[in-house]
Structure formats: structure tokens, C-alpha cells
Amino acid sequence: MAPVAPRSGDVIFASVERVNAELFTLTYGAIVRQLITDLEEVEEVNKQLDQMGYNIGIRLIDEFLAKSNVSRCVDFKETAEVIAKVGFKMFLGVTASVTNWDAEGTCCSLILEDNPLVDFVELPDTCQGLYYCNILSGVVRGALEMVSMKTEVTWLRDMLRGDDAFELQVKLLKQVPEEYPYKDDE
Amino acid sequence: MGKEVSESCVESLLTEIVSSYGTRFYANKPDLAARRIEAIGYQVGHQLSERYTMERPRFSDHLEAIKFICKDFWSELFKKQIDNLKTNHRGTFVLQDNRFRWLSHMSIDPSPENSGSTQDPSAVAENKAAEAASMHLYFPCGIIRGALSNLGIPCAVSADISNLPACEFLSFSALN
Amino acid sequence: MIVCVAVVGHQNNPLYIQSFTEADDALKLHHIVHCSLDVVDERVNNPRKSGPTLNDTFLGLLYPTENYKVYGYLTNTKVKFILVTTDLDVRDADVRNFFRRFHSAYVDAVSNPFHVPGKKITSRTFAERVSTIVKSFGLSSAG
């Protein structure tokens, strides 16, 4: 049987159930706001956002693999491109670009200019040190872990802090080949 | 057509709100968790009501505002209207959604717990499932309360899921 | 030209007030805004037959003073927008258009998760947008 061609981010996004972005944007904003009230320490909020993202990422990967028909990527370079063009598009409705590859091909940057998480957001001065979009770093890390790639994800640029784009650095720490994250009995 | 995201983004956030507040931050204090989750919904409802009433004339009375919530507001959020609206004409409204989107799409796993009780296991499981489902409802209750509050109708909102997959949102208002 | 714009909450609490003129006029303008709130309340509670409809957000000319014209707008969420202008020849359509754009900017400002409802709007973006809207008031669109 001929393999099914992978679907583009646009095609998948057009086929999934979608909602008004502001519901998503405002819900996320209210979560961040509530976390700041309850946890008080900005570092703790960053950590919780990352954890929430991780929990989401390990589940979203299923939907991603099911809908995109992407074959298992063994290559980190290919994986990064797929996340940027298909992953971001099918969920957030926006594409990211991949740049700043290192010589070994184990570290790159995902660049986002349009980011529905931050619409209407203006950080107050009291939130120095807050990585408002930290849920994204957790999502990327979680999703990659489920396809056997252990990564370290950090923010290099943040538009809410005055930079001109969102830049997420993804560094591949360890790749376990041939290992299936899914058990047959599940 | 305004900006959109996939529905799974919103549902993922909802699941995480319930998981974080219900099982991590306030694991043994469901009331505190519920209040926080409801507060998150309240802010969202407050802000959405501001946005979704922007292009329209003011409501003449509370009933018009509630109808707006049932029709336009609900449609913006869930792509359908409230199926049935009841009132006792003394400040209480019941908004019935026969197939509430956020309940029907979620797989609500009751959190694993050693019950150690002598209760019938299926009843225990049913209780746990109901508990988990109700945690998911504080957020939409908060949205409704935030929206109504911003439209001049301070109220308390609760949900009734004794007739799944239908969900009834009850709004109690001291004012009429 | 527009000399003052204000946003006032439903408890008549000032949420935003910006003058576009010299400092000593500012106090006088604040006073004008304050007085206009009573007119808004009256206009909404006692609609005139010849005035805008009861439920219209645009309330029209609230009152003319010697040197200014004061316009009002009331949202569904009971927030008042007040516009004070020195223009004598003001077109209804221009004022409506102003309030429409102003309302949109307001909605975005309160959509900031860090904005506290009932507290003053501190958004820099809002201030910039208001400034742009004020500057383009009354300019007819390019043919």
C-alpha cells in the first residue's frame, strides 16, 4: 500500500474544530494571572506554566501524529521543521520558522512573530522575570519527549519584554532510537 | 472571520486548570480549588462580555441580557445557542444546554484514589466521575457569572449535570 | 480639535482621562467631564423623544458650553466615554466613528489579563491608539 502523504499545517488546521482565538487568549491570560496571585513568586509561576505545557504536550502529540500522517522523524532537523510548520499551525493557527542551527544539527531556534497567547497582553513592571509564554516551552519539550527526543527548551527572545519576536531555543540532549513510546496494550 | 485556534488548545487548557488546581495545588481542598477555577472563568467572562457586546445597543432589562448570553454569547463560545431558558421571574434563570461541548468532548477520568470504604465500587466510581465532571464546570460557571456581572447582573452560578449529556446552568440573582 | 477624552466606570470612577491641551485647561476639562456624567445619567434615565433612542450607545451632544461641545457614549457594561471638543462644526458621523474606534481600543485594553476591572487603564498601547484616533478625528477619508 502506498504511504499516505503527510498533510500540510494549513490543511489540517482547516479540518479540525476551531474556536475564536480570544477565548484561548483570555483563558490563558486569566490562568497566568491567577497563578501569579496564588503562587506569588514569578519563578514558581514560570515553573508551573512549563509543567502545564509539558502535560499538554505529551497528550497533544497523539493528535498531531494522528492528523498529520507524518512518518516517524528520526532526524532532529526534520522534526524541528515539522513542529514549526505543522505543529504550530494545526493548533495555534500560526507557523513558526526554524533558524540558528548549530554545526552538529542538535540545537536550533523556533521563531514566532504572531502568537495568539499574547494578544492584548502588556506585562506590568511588577512581573519582571515572568516568561508569560512558558507553557509553550513545556508543550514543545513534552511533545518531543514522547517521540524519544529529550530536549532543553529556553527563551532567547520575548516580545512582551521588548524583543522583536519570540525565539525558543530547542537543544537536543538525547535521542533514543528505535524506542516506541506507545505500549501495544494501551 | 476572526483569528482562530484549534479547539484542542482550549480543551487542553481547561484540563490543565482542573488538574493543576484540583489535584496539584489544592489536592485535598476541593472548595479552594473550585473557587480558583471559578475565578479564572470569571475574568474570562468579564472580558468576553465586554468584547461581544461592543457592536450592539444596550440591553433594556435583565431578561434581554440573559437572552444575549443564551444566544449570541453562547454561539461565540460553543457554536450553538442555549437550548432552553427558564426563569421564575424573580431573579433565577436556568440555562439548559442539551449537549454541553466541554463535557461531551472531554474524557473525564475520575482521579485514582484508594477509597477503603465499603461502598459499592460502581457507586464510588460514579461519584468520582461526577466529582471530576463538576470540577470541569466551575470554569464555565465563572464565565457566565463574569459576563452577567459585567452586564449589571451580579449573581451566583452553579451547574447541574443530573441529566447528562445535558447541562443546566443556574443563575441566582438577588436583584431582578 | 478634541481637547479631552475620558473613560468613566459605572460607579462614576475615572478609568482614563487625557487632555490634549495646555496644563491649566486640564482642571477645567476634568470638571466638564465630571459635570457631563450627571447629564449622561439623566439622558439614559429620561430619554427625549427627539434624541437618540434609549438603547443607543451613542448619546449624542450632552451639552454645549461656551467654548466646548461635550459628547457622550454609554456601553452595555455601563462604562461611559466622554469627548470634549472645541470644534463648532462637528459632524454626527465623525463623532460616532470616533466612539466606535475608541470603544474598540477600550475593549482591547481591558482584555489585558493584567488590567484590573474598575482600576485605571495604564496601558501604553491604549494611550497611543487614543492619540491616533484623536489626531484623525474629523479627517475625511481619501476619495
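This is a predicted model: local features need pLDDT of at least 70, side-chain atom pairs count only at pLDDT 80 or more; totals for chains, interfaces and linings use all residues.
Starting with chain B, four strands line up in an open sheet, in the order 2-3-5-4 and with antiparallel pairing. Strand 2 (84-87) and strand 4 (156-160) of chain B sit at the edges with a single partner strand each, so one side of each has no neighbour in the sheet. On average, neighbouring strands here are turned by 20 degrees against each other, direction ignored. For strand 4 of chain B, the pairing with strand 5 (residues 167-172) of chain B is antiparallel and runs over 5 bridges. Within chain B, Ser158(B) ends up opposite Leu170(B) of strand 5. Helix 3 (residues 62-78) of chain B packs on this sheet, where it touches strand 2, strand 3 (92-97) and strand 5 of chain B. The direction of helix 3 of chain B makes about 15 degrees with that of strand 3 of chain B.

Turning to the interface, chain A and chain C bury about 920 Å² between them, and 57% of that lies on carbon and sulfur atoms. Three residues, Arg33(A), Phe120(A) and Glu122(A), supply 66% of the area that chain A buries against chain C, more than any other three residues. Chain A brings 14 residues to the contact and chain C brings 10 residues. On the side of chain A that touches chain C, the classes come out as 11 nonpolar, 1 polar and 2 charged residues.

Methods
Residues are numbered from 1 along each chain as its sequence is written. Chains are lettered from A and ligands numbered from 1 in the order in which they are written. Side-chain values use heavy atoms; hydrogens and water are left out. Two strands pair if DSSP finds at least two bridges between them. Helices (H or I, at least four residues) and strands (E, at least two) are DSSP runs, numbered from the N terminus. Axes are lines fitted to C-alpha atoms, for helices over the stretch in contact, and angles run from 0 to 180 degrees between N-to-C directions. Contact means heavy atoms within 4.5 Å. Buried area is the accessible area (1.4 Å probe) that two parts lose on being put together, summed over both. Ala, Val, Leu, Ile, Met, Phe, Trp, Tyr, Cys and Pro count as nonpolar, Asp, Glu, Lys and Arg as charged, and the others, Gly among them, as polar.
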